[in-house]
Amino acid sequence: ADYLLVFNTEEKGWFYYSPSLVAWTALSKGYGLVEVIRSSDNGVPTYFADLQTALETCKASGSYNEVNIHGDIVLTSQIELNSDGTGLGNAYLFESLVINFNGNEVLNSQADDSYCFNIVLVKSTSSTQSLAFTGGGKITRRNGLSLSRCVRASGVFNFKTDRKIIQSTTFGSATFLIEKSTDNSTPEFIDLGNSVFIGASNSASNYNLSLFSDYEYRNFKVVDRSAFTACRVRSCDAYNFEIVSKTTGEGLQLFGASEDVGNFKINTVSNTGLDATNGFSSIKDFEINSGSGQSLISTGGEIINGVCKSSNTNRSIFATNPIKFINVKGYNTSSGRGGVLSITSAVSNQIIDNIIFTSTGAIASAVSSSGGNPVVITKSRFQSFYDNAGGHALDVQNDVGGVEILNCDLICFNASANAVYSASAVNAIVVNSVLSGATTAINANVTITASTDLGNGNTQI
């Protein structure tokens with residue numbers, strides 16, 4: 001019978017009868033043994049020779065299903081899991097489906113735009129479908145064209161995976177597109193289980209991993225080998241992750257007004273580590289090493305508890321109009337600045353506190369104030385290690401909104417440099433600060449606004 005399974009004692013392996021080959025074919029040749037246990041089977045498994053056929057038995061509305069993969073699988077077409085429609089790959093109305101890879105690989109090497117898994121679950125019922133990829137293993141897309149993917153997932157469903165390598169070796173990317181349930185039955189976050197998403201060196205996709213749609217994603221790693229962006233987070237949150245760009249690609253891009261990202265590391269070679277110029281809510285608890293690229297560029301939002309290291313010829317950090325900029329360190333070991341703060345519009349409730357900007361080959365930092373409110377920087381350090389008269393600690397580029405430096409350390413290595421410098425006439429308030437290393441601490445273009453000593457350690461500015 002077609003797809004009948006037998007164990008060959010001479011070959012010591014499982015064989016199935018292939019109707020297309022009209023021959024007995026070893027499962028080890030790329031068609032892993034697939035076991036299905038459904039809630040209606042009373043624990044009795046059923047075995048299949050290919051994954052899509054096995055999954056077709058898991059469609060029943062409200063059913064609970066476990067699929068165990070017992071060998072590497074080579075796909076000749078993408079696996080379809082669609083809740084709508086009829087026929088092969090459609091009408092998946094299960095309550096729960098667990099696909100246990102058992103450390104095995106699912107590979108699609110077709111020279112086309114297909115995926116390994118195409119998942120579209122939009123079931124409209126009182127409960128949300130659950131899909132899980134467990135048991136480690138790999139999902140690999142090889143030899144694909146520009147639109148190929150490892151995984152494309154969209155719809156409204158619970159999803160989780162664990163310890164999996166999801167990789168594309170030619171073109172394509174590993175993409176997730178998951179929308180939050182409207183019935184509030186979804187979990188607080190999607191746990192990607194420390195899975196690793198590996199992008200192709202010649203990828204034609206703008207992003208290796210794309211995360212979307214009002215969810216919180218946790219526990220993943222992205223390794224990108226292309227000239228494109230390794231990861232995009234759009235209208236969702238992400239925590240506990242690592243991004244590594246191996247060549248000339250960017251690390252992470254944020255899109256939207258509500259993203260929160262935290263507890264992460266980014267490493268790039270020559271491109272920007274984190275681009276947050278298209279909107280975000282908060283960036284917290286992070287470390288970015290960006291090689292010769294900028295570490296962090298941002299517009300608005302809250303940036304708290306981070307370290308940025310680069311050897312960029314412009315700057316390590318460029319932050320425009322931050323709402324909060326607290327305990328952030330920018331180190332530059334090239335001819336660029338440690339950080340630049342650009343305030344171009346009035347920012348309500350702005351806090352800039354406990355920051356460190358340093359440079360070994362340039363001015364340590366710069367601040368530009370052209371907004372309606374004064375820029376107030378407290379308890380911070382700006383230090384240039386550049387042994388040159390141009391190695392100033394702080395460059396005040398604009399004072400339209402006002403600049404106030406309170407309880408800060410401004411340190412130069414070269415005595416001919418200035419602790420506070422400007423190329424044109426500006427006013428600034430500098431109070432209770434240490435200005436060290438410069439023979440002339442305040443550049444002649446900078447007028448320090450007088451403050452009043454109120455006694456008992458109090459100063460009015």
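We'll start with the whole chain, then look at some strands, and finish with a few charged pairs.

Keep in mind that what you see is a predicted model. Of the 461 residues in the chain, 54% are buried. Among contacts with a separation of 6 or more, 55% are between residues 24 or more positions apart. The accessible surface is about 18,500 Å², and carbon and sulfur atoms hold 47% of that.

Now find strand β28, residues 302-310. On one hand, β28 pairs with strand β26 (residues 282-289) in the parallel sense, over 7 bridges. On the other, β28 pairs with strand β30 (residues 324-332), again in the parallel sense, over 8 bridges.

Next come the charges. Side chains of opposite charge can pair when their charged atoms come close. A search of the whole structure turns up 7 salt bridges. One of them joins D41 and R38, with the closest N and O atoms 2.9 Å apart. Here D41 is buried, at 14% relative accessible area, while R38 is partly exposed at 29%.

Another joins K379 and D353, 3.1 Å from N to O. This pair links distant parts of the chain: K379 sits in the loop between β35 and β36, D353 in strand β32, and they are 26 residues apart. D353 counts as buried because its relative accessible area is 14%, under the 20% cut-off.

Definitions and conventions. Residues are numbered from 1 along each chain as its sequence is written. This is a predicted model: local features need pLDDT of at least 70, side-chain atom pairs count only at pLDDT 80 or more; totals for chains, interfaces and linings use all residues. Side-chain values use heavy atoms; hydrogens and water are left out. Buried means under 20% relative accessible area, exposed over 50%, partly exposed in between (1.4 Å probe, protein chains only). Contact means heavy atoms within 4.5 Å. Accessible areas come from the Shrake-Rupley method with a 1.4 Å probe; for residues, only the protein chains shown count as cover. Two strands pair if DSSP finds at least two bridges between them. Helices (H or I, at least four residues) and strands (E, at least two) are DSSP runs, numbered from the N terminus. A salt bridge is a side-chain nitrogen of Lys or Arg within 4 Å of a carboxyl oxygen of Asp or Glu.
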